[in-house]
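Dear colleague,

Please find below the structure I promised to pass on, followed by some notes on what came out of it.

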Amino acid sequence: MKVLDSKLMKSYARMAMDGFNQGWHERNGGNLSYRMKAEEVEALKDDFKEGEWRVIGWQKGDESAFPGLGGEFFMVSGSGKYFRNIELDPEDNVCIIELNEEGNRYRIVWGLVGGGMPTSELPTHLANLEVLKARDPEMRVVYHCHPGNTIALTFVLPLDSRVFTREIFEMVTECAVVFPEGIGIVPWVICGGREIGELTAEIMKKQDVAVWAHHGAFCCGHDFDLAFGLMHTVEKAAEVLVKVMAISPNKMNTITPDMFRALNEPFGIHINEDFLYEKRGTRIGQLPEDVRKEATEKTVRQLQETAGSVVEQLLGTAGSVLSQLRELKKGDAAAEDAEEEELISEEIFIEEGDEEGSFCEAPMSEEAAAEEPAAEEAAEETTETNIEIEG
Ligand code: 13P
Ligand code: ZN
């Protein structure tokens, strides 16, 4: 079967278009990957070509390997390609890649006919698909997009998974049912790099959604419907929260922890208790008491450490000033001793001279000593000359 005629390609393109229609894919924003089932590979492999094996690098010179995915095939969006064009021309905007057995090389077996590479987030997708496969072998879709309301909240809510999740949970009852494990938060880090991939993969060990601060969101699902539906639910709740916050920083009414707990039994879920902390007052975005306490203690510890190191530095400086003063004092004492010794030796000289009955004068300098006999000789010579003239 031709890839273009497959149900897989159609579902993939539909999800891309759905995301675009939501406004989550400006320009080339976002990327989508799907780990293919063995029967899908089997049905489409006659349409595959054999591309060149390439290194999988997070960024230049940073190779990576995903042995847990060795030998698997993935449908992936192209880097720099626009989601709005995927449905129109899948073969130019999407590719199917194969991973080698070691999971450290890939080759394009279909698509990107006009040239190009898989998404720059390919290593991040693979890192997450690897973690997700280990968590649940039926997890196949990883989706990254730029949903406006979710991104907006990363500027005004604490970047804390518990606070972010709780505020989103309170906006739409369905949230806690759709993702009872809540939302993970990745602070701002460079996209396409190892750090963003690894931080997100850590979240995906337990949770289905990660928010990338000031950038976008990342989620997973068994299939395209579930992955899109999950993102749609998060972004809808984020939209309501943005509206509420535009009206007031406080809520007059809301869903309480006990109301959330009441959802567990009828929906057969277990909402993570971490998100059901007690709140003080009605202000949106307040930290849970234990997090606030921990943050305060951390600040106090940091201040104490800073104060300690300032005192240490001051003591160090005072110590060195003191030792310099001591050295100076020692120097003064040595100079005084030398002066005293000089005086004593002068006194001894005077006394010794007196004993020998010679007159008191300073010892003659070497130059003066050298000049003296010459003067005597000259005087003698003059006398001789005078004698000669007289003669
Ligand atoms: P790509 O075009 O390489 O997929 O990058 C888009 C994006 O959103 C990066 O985070
Ligand atoms: Zn992005």
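A residue is called buried if 20 or more other C-beta atoms lie within 10 Å of its own, exposed if 12 or fewer do, and partly exposed in between, with C-beta atoms placed from the backbone. This is a predicted model, in which local features need pLDDT of at least 70 and side-chain atom pairs count only at pLDDT 80 or more, whereas totals for chains, interfaces and linings use all residues. Residues are numbered from 1 along each chain as its sequence is written, and chains are lettered from A and ligands numbered from 1 in the order in which they are written.

Cys191, which lies in the loop between strand S7 (183–186) and helix H9, has 15 C-beta neighbours inside 10 Å and therefore counts as partly exposed. Its C-alpha atom is separated by 7.5 Å from that of Glu121, although the two are 70 residues apart along the chain. Beyond its neighbours within four places in sequence, Cys191 is in contact (C-beta atoms, placed from the backbone, within 7 Å) with Glu121, Ile196 and His215.

Both Cys191 and Glu121 are among the residues around ligand 1, which also include Asn28, Ser77 and Thr119; a residue is near a molecule if its C-beta atom, placed from the backbone, lies within 6 Å of it.

As for helix H5 (residues 122–135), 11 of its 14 residues are buried, so the helix is largely enclosed by the rest of the structure. Leu122, His125 and Leu132 are among those buried residues, and what covers them includes strand S1 (31–35) and strand S3 (73–77). Helices (H or I, at least four residues) and strands (E, at least two) are DSSP runs, numbered from the N terminus.

With best wishes

Note on methods. Contact = placed C-beta atoms within 7 Å.
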